[in-house]
Amino acid sequence: MAQAQPLPIRVLVKGASLMHDISERPQKREDFTFSRVIEESLLNSGHGASVWTAAVASEPTRLAFRTWEEQVKAWSPDVVILSYGYYEVIHLILPRWLERHANSLHTRPGTVRELYRRLLVRPVWMSLAKLQCRLDKVIGARFFGRTLRQVETELHTYIDRTREVGQPLVMLFEFLPPGQRGRGWFPGMTERTALMNKMLHKVIADYNDPEIMLVPIPEIAERCLPPGTEPNTDGFHYTGALHRFIGEEIADEIRAWAKQYPRLAPKD
């Protein structure tokens with residue numbers, strides 16, 4: 001009987017647009033997001049790799065549960081990478097459904113559709129966004145405690161439920177403060193991001209488990225990018241260079257973790 005070959009490492013990447021978007025426009029073919037870099041790095045080191053980026057723009061933490069059965073229970077990933085809590089720090093008053101509609105990735109051509117978006121949707125959205133910007137300068141992170149507690153509870157529940165399916169390595173993303181453009185539109189976002197990061201550190205400390213870890217995105221950006229380089233030039237999403245550094249560091253962590261499991265070893 002032929003000797004069984006090691007299995008590919010299954011990596012599930014979940015979150016909002018931070019996980020599938022990149023600052024530069026247009027995105028070049030080999031400016032990979034970090035999940036593709038993880039796949040590349042694992043393959044280069046002899047590991048099999050199956051990376052599933054299940055990210056949806058503007059996805060709040062509460063919606064992570066909708067696809068849990070399919071993505072975690074059924075697929076049983078070895079590694080689960082989560083970037084949740086960032087959407088919650090962005091908008092002060094604008095609802096998710098309106099943002100998704102105004103900035104839809106599913107628009108189709110057509111005279112009526114284009115007039116509707118150009119003459120109605122975009123003007124209404126921009127007017128409300130400018131109103132929100134003025135309010136954000138005054139309100140900032142006030143009343144944000146309830147949202148923090150809700151995200152904390154949802155993350156704990158998602159992690160607990162996920163760890164019951166084969167005890168995968170769980171990695172949570174820490175967040176960068178918004179770039180210059182982001183601060184212009186969301187003046188209170190920097191403070192809210194700092195509070196969200198503080199909560200994420202608390203979640204990791206609550207578990208005190210080396211298999212539930214934080215990915216220190218701000219520290220990676222500061223250490224790896226040239227001094228003075230903005231890591232999120234569109235205000236929010238990582239540059240191609242930062243995506244590469246994040247992917248390489250995560251791949252290193254996965255390789256170190258996988259050493260304890262012979263069935264996930266690199267091929268001879």
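**Stop 1**

Start by selecting Asn208, in the loop between helix 8 (189-207) and strand 5. Bear in mind as you look around that this is a predicted model. Asn208 is not a glycine, yet its phi is positive, at about 50 degrees. Is Asn208 buried or exposed? Its relative accessibility is 68%, so it counts as exposed.

Now move to Gln167, which sits in the loop between helix 6 (145-163) and strand 4. Here too a residue other than glycine has a positive phi, near 50 degrees. Gln167 has 48% relative accessibility and therefore counts as partly exposed. As background for both selections, most residues other than glycine have a negative phi, and most peptide bonds are trans.

Look for Pro26 in the loop between strand 1 and helix 1. The peptide bond that joins Arg25 to Pro26 is cis, with omega near -10 degrees.

**Stop 2**

Five of them make an open sheet with parallel pairing, and their order is 2-1-3-4-5. Which strands are at the edges? They are strand 2 (49-55) and strand 5 (212-215), each of which pairs on one side only. Look along the sheet and you can follow a twist that averages 20 degrees from one strand to the next.

Zoom in on strand 3. On one side, strand 3 pairs with strand 1 in the parallel sense over five bridges. Strand 3 (residues 79-83) also runs parallel to strand 4 (residues 169-173), with four bridges joining them. Val79, in turn, has Leu169 of strand 4 as its bridge partner.

How many of the five residues of strand 3 are buried? Five of the five are, and the strand is mostly covered.

**Stop 3**

Step back to Asp78, in the loop between helix 2 (68-74) and strand 3. The cut-off for buried is under 20% relative accessible area. Asp78 has 16% relative accessibility, so this residue counts as buried.

Select what surrounds Asp78. Not counting residues up to four places away in sequence, Asp78 touches Pro8, Ile9, Arg10, Pro168, Leu169, Trp257 and Leu264. Asp78 and Ile9 are 69 residues apart along the chain, but their C-alpha atoms are separated by 6.2 Å.

**Stop 4: helix 10**

One of those contacts of Asp78 is Trp257, and Trp257 is among the buried residues of helix 10. Select the whole helix, residues 240-258. Helix 10 lies across strand 1 (9-15), strand 3, strand 4 and strand 5, and runs at about 155 degrees to strand 4. With 19 residues, helix 10 reaches 27 Å from its first C-alpha to its last, close to the 27 Å expected at 1.5 Å a residue.

What covers the buried residues of helix 10? The cover includes strand 1, helix 1 (34-44), strand 3, strand 4, strand 5 and helix 9 (217-224).

Within helix 10, pick out Leu242. Its relative accessible area is 0%, so Leu242 is buried. Leaving aside neighbours within four places in sequence, Leu242 is in contact with Leu176, Ile220, Ala221, Leu225 and Pro231. Draw a distance between the C-alpha atoms of Leu242 and Leu225: these residues are 17 apart along the chain, and the separation is 7.3 Å.

**Stop 5: the largest pocket**

To centre the view, select Glu99, Asn103, Trp125, Phe236 and His237, the closest to the pocket's centre of the 32 residues that line it.

Then colour the helices around the largest pocket. Helix 3 (86-90), helix 4 (96-102), helix 5 (111-139) and helix 7 (180-185) each supply at least two residues of its lining. Which helix gives the largest share? Helix 5 does, with five residues.

Key: Residues numbered from 1 in each chain as written. Predicted model: local features only at pLDDT ≥ 70, side-chain atom pairs only at ≥ 80, totals over all residues. Heavy atoms only, no water. Pairing = 2+ DSSP bridges. Axes fitted to C-alpha atoms, helices over the stretch in contact; angles between N-to-C directions. Contact = heavy atoms within 4.5 Å. Expected span 1.5 Å × (residues − 1). Buried < 20%, exposed > 50% of the residue type's maximum accessible area, 1.4 Å probe, protein only. 1 Å grid on protein atoms, 1.4 Å probe; cavity = no way out; pocket = protein on both sides within 12 Å on 5 of 7 lines; lining within 4 Å.
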